[in-house]
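User: I would like to learn how to read a protein model. Can we go through one step by step?

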Amino acid sequence: EVSIIPDIDFKIDCFAERKYKIIGPEKVFSKLLSADNGFDGSDSSKLEGILSPSWPVVLKGKDKTQAGIPENATKFAFLQPIETLDCSEIKPWIEPWAFVLMVG
């Protein structure tokens, strides 16, 4: 489970080397299904993307907490946008998780 921005409900599963898949929550899937992006739910590989190389988390204690980084986090990586998704109908100022899908 990954939190991109503190208090944003967006979940991915990291698998293989530097790959991720959107795994939730349900409201994300509903929005992606309603967008005109060709995703019909039958091919979950359309919700897979690439991660940047990982880097160590260097913040500690209070700084780490204030940044919304889980205490047990030791690495971080950036998501590359999923090229097969068209999120143009999703408004990131209403659905903050969509910002990640648009720009990574």
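User: In which strand is Asp13 found?

Analyst: This is a predicted model, so keep that in mind throughout. Asp13 is found in strand β1. That strand covers residues 11-15.

User: Is Asp13 buried, exposed or partly exposed?

Analyst: Look at the relative accessible area. Asp13 has 37%, so Asp13 is partly exposed.

User: Which residues is Asp13 in contact with, leaving aside its neighbours within four places in sequence?

Analyst: Asp13 is in contact with Lys19, Tyr20, Lys21 and Ile23. Take Ile23. Asp13 and Ile23 are 10 residues apart along the chain, and their C-alpha atoms are separated by 6.4 Å.

User: How many bridges join β1 to β2?

Analyst: Five bridges join them, and the two strands run antiparallel. Together they make a hairpin with three residues between the strands. Ala16 in this hairpin takes a positive phi near 50°.

User: What is the order of the strands in the open sheet?

Analyst: To read a sheet, follow the pairings across it. Here the order is β1-β2-β3, with antiparallel pairing. β1 and β3 (48-50) are the edge strands, as each pairs on one side only. From one strand to the next, the twist averages 35°.

User: How many bridges pair β2 and β3?

Analyst: Three bridges, in the antiparallel sense. Find Tyr20 and look across: Gly49 in β3 stands opposite.

User: What about aromatic rings? Which residues form an aromatic pair?

Analyst: Check two things: the distance between ring centres and the angle between planes. The count here comes to one aromatic pair. Phe76 and Phe78 form it, 5.7 Å centre to centre. Their planes are 90° apart, and the pair is edge-to-face.

User: Is Phe76 buried, exposed or partly exposed?

Analyst: Phe76 has a relative accessible area of 36%, so Phe76 is partly exposed.

Methods. Residues are numbered from 1 along each chain as its sequence is written. This is a predicted model: local features need pLDDT of at least 70, side-chain atom pairs count only at pLDDT 80 or more; totals for chains, interfaces and linings use all residues. Side-chain values use heavy atoms; hydrogens and water are left out. Two strands pair if DSSP finds at least two bridges between them. Helices (H or I, at least four residues) and strands (E, at least two) are DSSP runs, numbered from the N terminus. Axes are lines fitted to C-alpha atoms, for helices over the stretch in contact, and angles run from 0 to 180 degrees between N-to-C directions. Buried means under 20% relative accessible area, exposed over 50%, partly exposed in between (1.4 Å probe, protein chains only). Contact means heavy atoms within 4.5 Å. Rings of Phe, Tyr and Trp (its six-membered ring) pair if their centres lie within 6.5 Å; planes under 30 degrees apart count as stacked, over 60 as edge-to-face and the rest as tilted.
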